[in-house]
Every structure is written in C-alpha cells, then in structure tokens.
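Keep the structure open while you read.

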Amino acid sequence: MGSRVRTLRTAAGLTQEALALESGLSRNQLIELEHGRRGLLFERLPDLAAVLDCEVADFFRDG
C-alpha cells in the first residue's frame, strides 16, 4: 500500500511534507508508510484519499 500512496502522491504533485500536513499525518509516519515499514489505521485512509482526490479503494489497486 505504501508504494501506491507514493505513486498517487507524486501524480498529484505533492511532496511528502505537503501530503502529511494536509492529511494530518506526521511526515515521519508518511515516510514509514511509503517505505513499507509502518501500517496505517484504517480510519486515516479517508484523510489521505481526500487530499489525493481519490477513493480509499485506489490504495489497494495495481497501477
């Protein structure tokens, strides 16, 4: 899931810092998520999806 978040973030033209600030995550949480070293509470997925202008299901789709 972390690599998918990274793909959606870069496609949206956002830095890790910008996505973290807008979604309410810390930058360290986002870095750990993108590198697969940390999971994310299900309740936080809508926050990320809103900033990335996508659906929660998009985090689980290939490509």
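Predicted model: local features only at pLDDT ≥ 70, side-chain atom pairs only at ≥ 80, totals over all residues.

A quick word on burial: buried means under 20% relative accessible area, exposed means over 50%, and partly exposed is in between (1.4 Å probe, protein chains only).

Residues are numbered from 1 along each chain as its sequence is written, and side-chain values use heavy atoms, with hydrogens and water left out.

**The core.** A nonpolar core here is a set of buried Ala, Val, Leu, Ile, Met, Phe, Trp, Tyr and Cys residues joined through side-chain atoms within 4.5 Å. The largest one has 15 residues, and those touching the most other members are Val5, Leu19, Leu30, Leu48, Leu52, Cys54 and Phe59. Helices α1 (2–11), α2 (16–23), α3 (27–34) and α4 (45–52) each put in at least two residues, with α4 giving the largest share, five. Helices are DSSP runs (H or I, at least four residues), numbered from the N terminus. For contacts, the cut-off is heavy atoms within 4.5 Å. Skipping residues up to four places away in sequence, Leu52 touches Leu8, Arg9, Ala12, Leu14, Leu19 and Phe59.

**Helix α2.** Which residues of α2 are buried? They are Gln16, Leu19, Ala20 and Ser23. These sit on the same side of α2 because they cover an arc of only 100° around the axis, taken from the directions from the helix axis to the C-beta atoms. Leu21 and Glu22, on the other side, are exposed. The cover over the buried residues includes α1, α3 and α4.

Ser23 has 6% relative accessibility, and a polar atom of the Ser23 side chain lies 2.8 Å from the backbone oxygen of Leu19. Leaving aside neighbours within four places in sequence, Ser23 is in contact with Arg44, Asp47, Leu48 and Val51. Just after α2, Gly24 takes a positive phi of about 90°.

**Salt bridges.** The whole structure has five (a side-chain nitrogen of Lys or Arg within 4 Å of a carboxyl oxygen of Asp or Glu). Among them:

| Pair | N to O distance |
|---|---|
| Arg9 and Glu34 | 2.6 Å |
| Arg37 and Glu32 | 3.3 Å |
| Asp58 and Arg61 | 2.1 Å |

Salt bridges with shared partners also join Arg6, Arg9 and Glu34 into one network. Arg9 is buried at 9% relative accessible area, and Glu34 is buried at 3%. Arg37, in contrast, is exposed at 54%.

Methods: Polar contact = N/O pair within 3.5 Å; in protein donor to acceptor, adjacent residues only side chain to side chain.
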